[in-house]
Amino acid sequence: MLSLAGCNASANTAQEILTPDQARQVAMTWLHTGFATMVSQERGSLLRIDRAANLLRTSPAPAPDTRPHDLTIWMPHQGQYPLTFLCLDSVRAAGQPVLPQMYRFSRADAQATWTVTHQVALQSAASRPAVALDSAGYAQTVAGGQYDKFLVSPARLAGDYAAYLNRANSADSHEFAPGVLTSSGIENIRKLIADAAAQQHGALTVTFTPSDDAVDVYLLHDGGALVLFGLTMTNHVVATAGSITVTEDGKGVSGPAPGRYRDLTTTHLVLDAFTVPPKGSTAKVAGLGAYFGPVSTTATPG
C-alpha cells in the first residue's frame with residue numbers, strides 16, 4: 001500500500017490545492033493569533049469546550065502566543081474541497097517541553113475560513129503516532145471501504161470505547177490496551193463515584209456515548225490506523241439524603257448557581273486520539289491523548 005502511494009506521489013502533487021508547507025503556515029498563523037480569534041475558528045465539541053472554559057475563566061484571556069513552534073504536518077493528497085490536515089505541535093515553555101498538541105484543520109471551500117475541529121493533548125512525546133508518508137511527504141487517509149484491514153473498524157471505535165468505559169471494569173480484556181485513557185481512566189471514574197458518595201451524599205452515575213464529531217483515520221507505518229473521534233460524558237448525581245449543597249457558582253457549565261439541589265447533571269465533551277493495529281496483530285487498541293471539559297450543567301432545586 002505504501003509503495004503504491006509513493007509511486008503516485010509525483011502525479012498527485014501537480015494536482016494539489018494545498019501543499020504541506022502551505023498547511024504549516026495555516027497552522028502557524030492560527031497558533032499565533034489571539035484567543036478570541038482562535039476560538040471563533042473552532043467548530044464542534046472543541047468550540048463548545050473552549051467557550052465553556054472561557055465562561056469559567058477568572059483571569060484575562062491569554063495573549064497571542066509568540067513562542068516558536070515545531071510543527072509536523074500530516075496531510076493527504078487533495079485535489080478538491082473540502083480540505084483537511086493534521087498538525088502536531090511541539091513547543092517548549094520556560095525551557096521545558098510541553099505535552100505535544102494535535103490539531104485537525106479543515107476548510108469547506110475556497111471562500112471559507114480554515115477551522116479547527118479537533119484538539120488532543122498527547123500523553124507524552126513518546127505518544128507521537130508513526131503516520132505513514134509517501135515519497136513526497138504526504139499522508140494517507142483511510143476510506144470506510146478499507147476499514148476491514150484493521151483489528152477494529154474505526155467506524156466502531158467510539159461506540160466500543162464508550163461501552164468499555166460504561167462497563168467500568170478496568171480488568172476487562174476487551175480490545176483496549178491498559179493505559180491512562182483505558183484501565184486508569186476507569187479507576188479514576190470509580191474514584192469519582194466514591195468521592196461523590198462520601199462528600200456530597202449523592203449517588204453518581206457516569207455514562208459515555210459517541211459524539212457527532214468527525215472521525216478521521218490516517219494510515220500508520222505498521223499498517224495500523226490513527227483514529228480521531230469524540231465522546232459525550234454525562235455525570236448525573238442524585239441526593240441520597242437531603243439535598244446536594246452547591247457553594248460556588250459553576251455558571252451552568254461546571255455546576256449550577258449556589259443553592260440546594262436534588263440532582264445535578266453535567267455534560268462533558270471528550271476528543272480522543274487512538275491507534276488501531278492492523279488485522280491479525282497481537283497488539284491492542286491504545287489511547288494516545290485526549291482533550292475534554294464540561295460544557296453544561298442542569299439541576300433540580302430541592
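The model is predicted, so local features are given at pLDDT of at least 70 and side-chain atom pairs at pLDDT 80 or more, whereas totals for chains, interfaces and linings use all residues. Residues are numbered from 1 along each chain as its sequence is written, and side-chain values use heavy atoms, with hydrogens and water left out.

**Helix 6**

Begin by selecting residues 154-167, which make up helix 6; helices here are DSSP runs of H or I with at least four residues, strands are runs of E with at least two, and both are numbered from the N terminus. Helix 6 has 14 residues and spans 20 Å from its first C-alpha to its last, close to the 20 Å expected at 1.5 Å a residue, where the expected span is 1.5 Å times one less than the number of residues. Its buried residues are Pro154, Leu157, Ala158, Asp160, Tyr161, Ala162, Tyr164 and Leu165, buried meaning under 20% relative accessible area with a 1.4 Å probe and protein chains only. Show next the elements against which these buried residues pack, among them helix 7 (183-199) and strand 9 (225-239). Just after the helix, select Ala168, which takes a positive phi of about 55 degrees.

**Leu157 and the largest core**

Now select Leu157 and display its contacts, that is, heavy atoms within 4.5 Å. Leaving aside neighbours within four places in sequence, Leu157 touches Glu175, Phe176, Val227, Phe229, Phe274, Val276 and Val285. Leu157 is also one of the residues with the most contacts inside the largest nonpolar core, which has 37 residues; such a core is a set of buried Ala, Val, Leu, Ile, Met, Phe, Trp, Tyr and Cys residues joined through side-chain atoms within 4.5 Å. Colour strand 9 to see the largest share of this core, seven residues. A second, separate core of 21 residues includes Ala23, Ala27, Phe85 and Trp114.

**Aromatic pairs**

The structure holds ten aromatic pairs, counted where ring centres of Phe, Tyr and Trp (its six-membered ring) lie within 6.5 Å, with planes under 30 degrees apart called stacked, over 60 edge-to-face and the rest tilted. Select Phe85 and Trp114, an edge-to-face pair at 5.3 Å centre to centre with 65 degrees between the planes. Phe85 lies in strand 2 (residues 83-90) and Trp114 in the loop between strand 5 (101-107) and strand 6, 29 residues apart, and both are buried. Move on to Tyr161 and Phe176, whose ring centres are 5.5 Å apart and whose planes meet at 50 degrees, so the pair is tilted.

**Helix 5 and the strands beside it**

Select residues 44-56, helix 5, which has 13 residues and reaches 19 Å from its first C-alpha to its last, close to the 18 Å expected. Ser45, Leu46, Leu47, Ile49, Asp50 and Ala52 are buried in this helix, and what covers them includes strand 6 (115-122), strand 11 and strand 12 (286-301). Strand 11 and strand 12 run antiparallel, joined by 14 bridges, and strand 6 pairs with strand 12 in the antiparallel sense over two bridges, pairing requiring at least two bridges found by DSSP. To see residues that face each other, select Ala121, which stands opposite Ala290 in strand 12, and then Tyr261, which stands opposite Pro301 in strand 12.

Definitions and conventions. Buried means under 20% relative accessible area, exposed over 50%, partly exposed in between (1.4 Å probe, protein chains only).
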